[in-house]
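Student: Here is a model I would like to go through. Can we test each label against its definition?

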Amino acid sequence: MRCPFCHQDNDKVVDTRTSDDGFVVRRRRTCCACGKRFTTYERVEATQVRVIKRNGQRVPYDRQKLRQGLERACWKRQISDTQISTLIAQVESDIDSMFETEVESQFIGERVMQYLGELDQVALVRFASVYRHFQDASDFAKDLTEMLEDPDDVLRHLKHLQNPTKLRFPKANKKR
Ligand SMILES: [Zn+2]
């Protein structure tokens, strides 16, 4: 990094800290030429793609919105902020590696559900229920049955869902 005072490119890092859930790294540097100190920040760039919604509308990808949805799904579950951040980073990395400028919201939802299912099945169902708006309850239950290890156990944790009666899982077809 070029020194902002003497413009020499010769410095050493004296302190490194991460903040903002690990998305930002702050480095204190000392210029080896003039001895002055300066600070640099390194950020994970939020993906710049646009999201194609179901109705065809295009909106900028919104990490904060995704995080809020995940926090709601993980409410009172044993999932840390770091785990949520990691999940978001995985999803963004998938988006960036597969799409240049636009991605369908469905792709994001499905990736989130895949990773969330590996962490916590109750959070998965909560997220999925909001994501799919119960528009087609039977499809929803069928898809979920395939993703869940123990649907009955998950249902017991979901008494608070607005319309739990719609969530009737077909008889589990254990494929493991
Ligand atoms: Zn300098």
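This is a predicted model: local features need pLDDT of at least 70, side-chain atom pairs count only at pLDDT 80 or more; totals for chains, interfaces and linings use all residues.

Student: Where is confidence lowest and where highest in the protein chain?
Tutor: pLDDT is the predictor's confidence in each residue, from 0 to 100. The chain's mean is 80, with 72% of residues at 70 or more. Helix H5 (residues 137–147) is lowest, at a mean of 58, and strand E2 (residues 24–31) is highest, at 93. Helices (H or I, at least four residues) and strands (E, at least two) are DSSP runs, numbered from the N terminus.

Student: Which elements give two or more residues to the largest nonpolar core?
Tutor: The core has 19 residues, and Leu116, Ala123, Leu124 and Phe127 touch the most other members. Such a core is a set of buried Ala, Val, Leu, Ile, Met, Phe, Trp, Tyr and Cys residues joined through C-beta atoms within 7 Å; buried means 20 or more other C-beta atoms within 10 Å of a residue's own, C-beta atoms being placed from the backbone. Helices H1 (63–73), H2 (81–98), H3 (105–119) and H4 (121–132) each give two or more. H4 gives the largest share, six residues.

Student: Why is H1 called oblique to H2?
Tutor: The two pack at about 130°, axes 11 Å apart. Under 35 degrees is roughly parallel, over 145 roughly antiparallel, 65 to 115 roughly perpendicular, and the rest oblique. Therefore H1 is oblique to H2.

Definitions and conventions:
Residues are numbered from 1 along each chain as its sequence is written. A residue is buried if 20 or more other C-beta atoms lie within 10 Å of its own, exposed if 12 or fewer, and partly exposed in between; C-beta atoms are placed from the backbone. Axes are lines fitted to C-alpha atoms, for helices over the stretch in contact, and angles run from 0 to 180 degrees between N-to-C directions.
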